[in-house]
Amino acid sequence: MSIQFNNETFRDDYSFHNSEWAIKRFPFPFHEDSYMYSMNAEQHQGGPDGSVYEKRFDVDEHYVSEMQDRAKVLADDPLRCQSLPHMTLAGWDLLELIMVSKSEDYPDLFELHRDGNQWRWVNKPLGIDDPFTFLDDTTLPYGPMEYITRQTQGDFALLDQREENLWMDAGMITTQADWSLDFDIGMNFFEWHAPVPKANEMGIFKRALKYLINIPQGSPGRRLNWTMTVNPLLDTSPENYHKWGIQKTTLTPENIGAKQHLRVELQTFFRLPRSNALAFPIRCYLCSFQDLTTMPKWGRRLHRVIRDLPDELATYKGFIDNRPMMLDYLSKFDDGLPTSPGIFPEPETEPPLKT
Amino acid sequence: MSAPQKTKSGPAQIDVTVSAVVPVTEFVTRFEFTRRDGTEFPPFSGGAHTVVAMQDGTRTRLNPYSLMSDPADLSTYAISVRREDDGRGGSVFMHSQVKQGDAMTLTNPVNLFSLDLRAKKHIFFAGGIGITPFLAMIGQLELTNGNWELHYASRTPENAAYADVLLAKFPTKVHVYYSSANERIPLADVLDGQPLGTQAYACGPERLIDGVRDTAIGLGWPDSNVHSEEFLAPAAGAPFEVRLCKSDKTITVGEHESLLEALEREGVDAPFLCRGGACGQCETDVVSGAGELIHCDHWLEEEEHASGKKIMPCVSRFVGELLEIDR
C-alpha cells in the first residue's frame, strides 16, 4: 500500500484534514457507552488489517506534515527534546527498534542496510539517506533518540528502570496533551502522574507500574488514552498554553463540528534490550466531531460518554466549560438506538441515524 | 480494546540448537546455543537471564540462568551451569543429558539485575557461580569504556570458573579470593572511600549478598546503590491440594514440584518471568485456605504475606487442608 501524504498544517490556518480512510481507521477509544479509567492494556502484537494497531509504528497520511510541525516546535523550543547522559544507550535501542520495525513493516517507504555496525538508513518520504556507525554518536547529526524521533510520528518518552520504579529520563515531546518534559524530566512514575485525579485512590498507578516494569523484551503492550482539543493542534503544551488555551473560547454552535477534535493517544510500551529501559511512544490522532459522527455508532456513543463523564474528569481533560455546547451538537447524532460492543465503527452493520 | 488476542503468558520463546558443551571446572559447564532459524539472537543487557526448557522424560523443567556471553556477539547465547547434586534435578539434567546438537528452547532475555547506567563506577561482588551475570555486564561496560572492578570469591583456584580468563584480560580490575587459602573479600576496605555515584552489585550465596549490603549500609551507602540478584530455587515440601477456581479443577502439588510447575503440568495458563520469587509476574489471589501459606518470595510486602490473600506460585507453598486460588 502506498500512502498519499497530506499537505497540511497543525497551526495558523489549520489545514489538517482526515481522508475517509483515516476516519474509518481512527482509534476511537470507547468500547462501550461509558468511560472510566482502567489499565486497559493489551499486547501490541498486530491488529486488524489497515488498523492503527497493525504495525509496530503506524505511518499514515499525516506523516510528512507532522514531522514538519515537530521541526518547527523544536526550532522554537529545543528543550522539548532532552536526554540525560545515561540514556544514550536507550536512544540507540529506540533507533534500532524503529528502523528495524519500519523497514520491515513499510519496505516501500523505509530501508535499513546493515553490515556489522555500518548502517545505512533510507527514509523516502522525508528524502533522507544517511550512512552511520551504530552506537557511535559522532556519526549522526543529532543524538540517536532525537535523530529517529524527528522521523517518527508521536511523542516518545524513554523511561529508565531502577529501584522498582520508572524514571522520565529522556524524551521527544512535541505533540503532548498539556504536560511538559522540561518539567517532568528526572521524575519517577508516581511523581509525574501526581496531577491525575481519582486514579491514585483507585490504586491504578501501583498496578500500572507493576505491569510496565514487567513488560518483557519482544512482548510490547498498548493502551488508548484520550482528551479534547479545539482546532487540530498537535502542540498543546503547557509552554504554549497562552497560545492555544484561549482558542477553547472560540467555539460556537456553528463551528464546533469542524473545530472540536477528539484527541486519542495510542500509547505503546516496548522493553529496550541493550539498556533495559522502557520506550513509551505516545501517538496522537485527531478527528473532528463532524468527521467522527459520519460513523453512526461513534456519534451515538460519543454523546453518551461525554454526557455521563464525571465532572472531575471533564475538568481534568479541560472541556468542562464547553461540555454543554458539545452535548447540544452531539445529541443530534444520538437517536437512542443501542450500539454494538467494541471500538470499531462497523459502518456496514450499524443502523443509520434515524432522522 | 481492539481485537482480542489469546497468547500464552510466559515470555516469548526462541528455538535453539546446543552448539557447544564446554566443561569449565569440576562442577561448572558452559552451554552455548545458536538459533535454529539461523538468525541472530535478540540483543540483551548485562545481568539478563533466560529460562531454559528441558524435556526430561514427560516432565518439562524450566530453569532460569544468567546469560554470560558477550552482549556484542548475538550469534551465540551462553549460560554456565553449576551441577547441584542435591538440587531439584535441572542442573544434573543439563550436565548429564544435554549434548551438542540437541534442540532446546530458551525464553527471550529478562533483566531483573541490570546495571545502573548513571553510575560513575560499578563494583561487582561475585561468590562462586554468581560470577555469570558479571561476565555479560563486563562485556557491556567494556564496549563503552565503563569504569568497573570485580571482587570474586571462590573456594579454590580449580573451582573459580573464568577467573583465569578475567585475570588475564583485566589484571588491574579483577581481584580473586580463595577460601582454601583463607582469603576473604575485604568488604569494608573495598566499599569504604569509593567515589560518589558508585554502584555495588552482589551475586552469589545469601551470606555474601547480606555481607555486601550490611557493610555498605554501615558505611553510609544509600540502599538504592546496592543491587543483588538471588534466584531462589523452589523449596521442596509436603504435597498439598489446590482448588483452581477459574479452571474448575483440583490439583495436587508434588513434594519436589512448585505450585507454578503443577499449574503448567495441568495445562493451566499461568504467567511467569523469573520463576525465582523476584519479578512479581506470577502473583496470584488466594480465595481461601484452611492452613498456612509458606511464603518464600522477595516480591510481596510483609502485610501482603500476613494478609493470606496473595501467593507467588513459583516459590511459595501451602500446608493445610485445601488451598483455593484464582487461576
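Q: Which are the buried residues of helix 2 of chain B?
A: They are Thr132(B), Pro133(B), Phe134(B), Leu135(B), Ala136(B), Met137(B), Ile138(B), Gly139(B), Gln140(B) and Leu141(B). Buried means under 20% relative accessible area, with exposed over 50% and partly exposed in between (1.4 Å probe, protein chains only). This is a predicted model: local features need pLDDT of at least 70, side-chain atom pairs count only at pLDDT 80 or more, and totals for chains, interfaces and linings use all residues. Residues are numbered from 1 along each chain as its sequence is written, chains are lettered from A and ligands numbered from 1 in the order written, and side-chain values use heavy atoms, without hydrogens and water.

Q: What makes helix 2 (residues 132-143) of chain B mostly covered?
A: Of its 12 residues, 10 are buried. Helices here are DSSP runs of H or I with at least four residues, strands are E runs of at least two, and both are numbered from the N terminus. Just after helix 2 of chain B, Asn145(B) has a positive phi of about 55°.

Q: How many helices and strands does chain B have?
A: Chain B has seven helices and 17 strands.

Q: What share of the 327 residues in chain B is buried?
A: Buried residues account for 51% of them.
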